[in-house]
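Hi,

Here is the model I promised to send over. Have a look at it first, and then read on for my notes.

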Amino acid sequence: MAIADLFPAPDAILSLSPSGRKDLFDMLASEVAARHGLPEDKVLDAIQARERLGSTALGRGVALPHARVDWLDAPVAVLARLTHPIDLEARDGEPVDLVFLVLWPEAASEGFLPALSNICRALRDNQIPRQLRRARSAAEALQTLQAADRSAP
C-alpha cells in the first residue's frame with residue numbers, strides 16, 4: 001500500500017499539542033475514533049499495548065506507533081505533527097514531533113510489515129521529515145508523502 005494512500009490528507013493533524021506520552025496517545029485515540037467511527041478505548045488499548053513492548057520512537061524526531069487488531073476491517077493511519085516535541089524514549093535521545101500512527105486489521109496481516117517498511121524507507125530521506133515539518137496544510141503534507149512514494153525504489 002502506498003504511503004499516501006495509507007495517510008490521506010484529511011487524516012493529517014498538523015498542530016497536535018500533547019503534554020507528554022500519555023496525553024499524545026489519548027489525543028491520537030480520540031482523533032482516530034472520531035475520524036473513523038472506532039471505539040476510542042480499543043484504539044487507546046492497542047496503542048498502549050504495543051508501546052509497553054518498547055518505544056515506537058524511531059529516532060530523528062519520528063515515532064511510528066502501530067498495532068494489528070482484530071476489530072478493524074481496513075487499515076487506519078494518522079499523521080500527526082506536534083507543536084512541541086515530546087520525549088518518547090527514542091534511542092537517539094531526540095524528542096518526537098512527527099508521529100505516524102498505523103492500525104492494521106489482523107485478518108489482512110500480510111500487508112502490515114510492507115506498509116511499515118515503506119514508511120521507514122521514505123523517512124530515511126532527511127528531506128521527507130523536514131518537508132513534513134514545514135507543511136502548511138494537510139494537502140501539502142500529502143503531497144510530500146506522494147513524492148516519497150514516487151521516489152521509493
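R60 is found in the loop between β2 and β3, the latter covering residues 62-63; helices here are DSSP runs of H or I with at least four residues, strands are runs of E with at least two, and both are numbered from the N terminus. The phi angle of R60 is near 55 degrees, which is positive although the residue is not glycine. With a relative accessible area of 42%, R60 is partly exposed (buried means under 20%, exposed over 50%, and partly exposed in between, with a 1.4 Å probe and protein chains only).

Before the rest, a word on how to read this. It is a predicted model, in which local features need a pLDDT of at least 70 and side-chain atom pairs count only at pLDDT 80 or more, while totals for chains, interfaces and linings use all residues. Residues are numbered from 1 along each chain as its sequence is written, and side-chain values use heavy atoms, with hydrogens and water left out.

E89 also has a positive phi without being glycine, in this case near 60 degrees. For background, most residues other than glycine have a negative phi. E89 sits in the loop between β5 (76-86) and β6 (96-105), and its relative accessible area of 56% makes it exposed.

Which residues does S55 contact, leaving aside its neighbours within four places in sequence? They are L88, E89 and A90, where contact means heavy atoms within 4.5 Å. S55 itself belongs to the loop between α3 and β2 (57-59) and is partly exposed at 26% relative accessibility. Its C-alpha atom is 8.8 Å from that of R91, a residue 36 places away along the chain.

T144, in helix α6 (residues 138-151), is buried, with a relative accessibility of 7%. Beyond its neighbours within four places in sequence, T144 touches I128, Q131 and L132. R121 is part of helix α4 (residues 112-124) and counts as partly exposed, at 29%. Between the C-alpha atoms of R121 and G111, ten residues apart along the chain, there are 15 Å.

Now for the chain as a whole. Six helices and six strands make it up, in the order α-β-α-α-β-β-β-β-β-α-α-α from the N terminus. The radius of gyration is 14 Å, close to the 15 Å that the globule rule gives for 153 residues, so the chain is as compact as a globular protein of that length; the radius is taken over C-alpha atoms, and the rule is 2.2 Å times the number of residues to the power 0.38. Buried residues account for 46% of the 153. Of the contacts in the chain with a separation of 6 or more, 70% join residues 24 or more positions apart.

How confident is the prediction, then? The mean pLDDT of the chain is 92, and 98% of the residues score at least 70; pLDDT is the predictor's confidence in each residue, from 0 to 100. Helix α3 (residues 40-52) has the highest confidence, at 97, and helix α1 (residues 3-6) the lowest, at a mean of 82.

Happy to talk any of this through.

Best wishes
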